[in-house]
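Here are my notes on the model you sent over. Have it open beside you while you go through the points.

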Amino acid sequence: MDDVARVRPSDLPQLDRCRRRFVRTVTGSGLTHGPSTHSRRRFALANAVVDAARRAHAQAESEGVAPSEILDDTAPPRDLEAEERAVFDDAMAGYGDVADARGGRPVDPAPDAFPARTSRSGRFKLSVTIDVALVVDGITEVRRLAFGPSPHGRLADDPRARLTALVCGGTEPLRYVHVDVLRASASVVDTDAEERRRWGDELGPRIISALDEPEPAATPGPWCSSCPAVRGCPAIGASDLASPLSSAERGGPGTGERPGTDEAPGASESPTTGGSRGAAGMGG
Ligand code: SF4
C-alpha cells in the first residue's frame, strides 16, 4: 500500500460494490488505466470554469463589484474546443447568477478536520476538492460547481457532500452547496459537528475494514466496465479481458462509471484539503 491511501468521493460507492476495486483504487495498487480521453476533456473544461469562478470571486471582492460582472467578461481558454467554449460561456452566466444571489466573502479552504487514520495495513485520508469556499452570513460555505444536479436524492446522502463536510467542518457549522452552473441553481445542505461525527463514525470503520482485508472480495457487476483494477481480477476471465465490456453487459445495464482513478469528471490539480490535490468539480 502507498504511505497514505486517498479516499475520494468517487471511491465510496465501491465500498458497497466491489471491495477489491475500492482497495486497489485508493491505494493506487495495480491499476491499469487512468482517466479516458473523454474524461480528460471534461477535466479541462471543468478546470477552466472553477479557475474562472475563483478568480472572479477574488476580483469582485477587491473591486467591490458583483461576481457576475467579472464572469460575464471572462473569455473561455483558447485550448477549449468550440462546443466546450459554448458550455463555458453558459457556465459563466449560470454561476454568475448563483454567485450574485448567494453573496459571500471568498476564503481559503478550511484546515483539514479529518486527519489521517490508521488501519492495520496502513494509513488513509479523505481527499476532497474544494471548488469555491466563502463565508456567507458568518457560515463557511463550500461550493461544488457541477454541470448538472447532484445524482443523489438528498444532498446529505451525496458522498462528496459528506466527505467535504468531514474534511472541512471542524467544530463549526458548515454549509455544502451543489451548484448546477448550467441551470443556475443551488442545492444546500447544512451540517453540524454532531452530524459529521456520526458520518465519520460510520464511514471510518468501513474503510478500515476494507483496507485490512487480506484479499478484498472481487464482486463483478456493471461497474466492471470502468474498473482500473481489472487486470488479474479473479472474478474476470481471460475472455472478459479480451472484451472488457462483456462482464458489465452481463451484469446489468450500463453504468457510465468512470475509472477509479478519476476523482470526478472535473478539473485537474486544484486546492484540496484532506491531504491531496485532485480533480476539481463539475462532476455532478
Ligand atoms: S473487474 Fe469487477 S470484480 Fe474485478 S476488481 Fe474490478 S470491479 Fe471488482
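1. Start at the end of helix α2, where G28 comes next with a positive phi, near 70°. This is a predicted model, in which local features need pLDDT of at least 70, side-chain atom pairs count only at pLDDT 80 or more, and totals for chains, interfaces and linings use all residues. Numbering starts from 1 along each chain as its sequence is written. Helices here are DSSP runs of H or I with at least four residues, strands are E runs of at least two, and both are numbered from the N terminus.

2. Now look at α2 itself (residues 19–27): nine of its nine residues are buried, so the helix is largely enclosed by the rest of the structure. Buried means 20 or more other C-beta atoms within 10 Å of the residue's own, exposed means 12 or fewer, and partly exposed is in between, with C-beta atoms placed from the backbone.

3. P216 sits in the loop between α7 and α8 (238–242). P216 is partly exposed, with 19 other C-beta atoms within 10 Å. Leaving aside neighbours within four places in sequence, P216 is in contact (C-beta atoms, placed from the backbone, within 7 Å) with R19, R20, V23 and A210. C18 is 198 residues from P216 in sequence, yet their C-alpha atoms are 8.2 Å apart.

4. Which residues come nearest to the ligand? C18, R21, C224, C227 and C233 do, out of 14 around it; "around" means a C-beta atom, placed from the backbone, within 6 Å.

5. A word on confidence: pLDDT is the predictor's confidence in each residue, from 0 to 100. The protein chain averages 82, with 80% of its residues at 70 or more. Over residues 242–284 the pLDDT is below 50, although this stretch has 152 contacts in the model beyond near neighbours in sequence. Where pLDDT is low, the predicted coordinates should not be read in detail.

Key:
Two residues are in contact if their C-beta atoms, placed from the backbone, lie within 7 Å.
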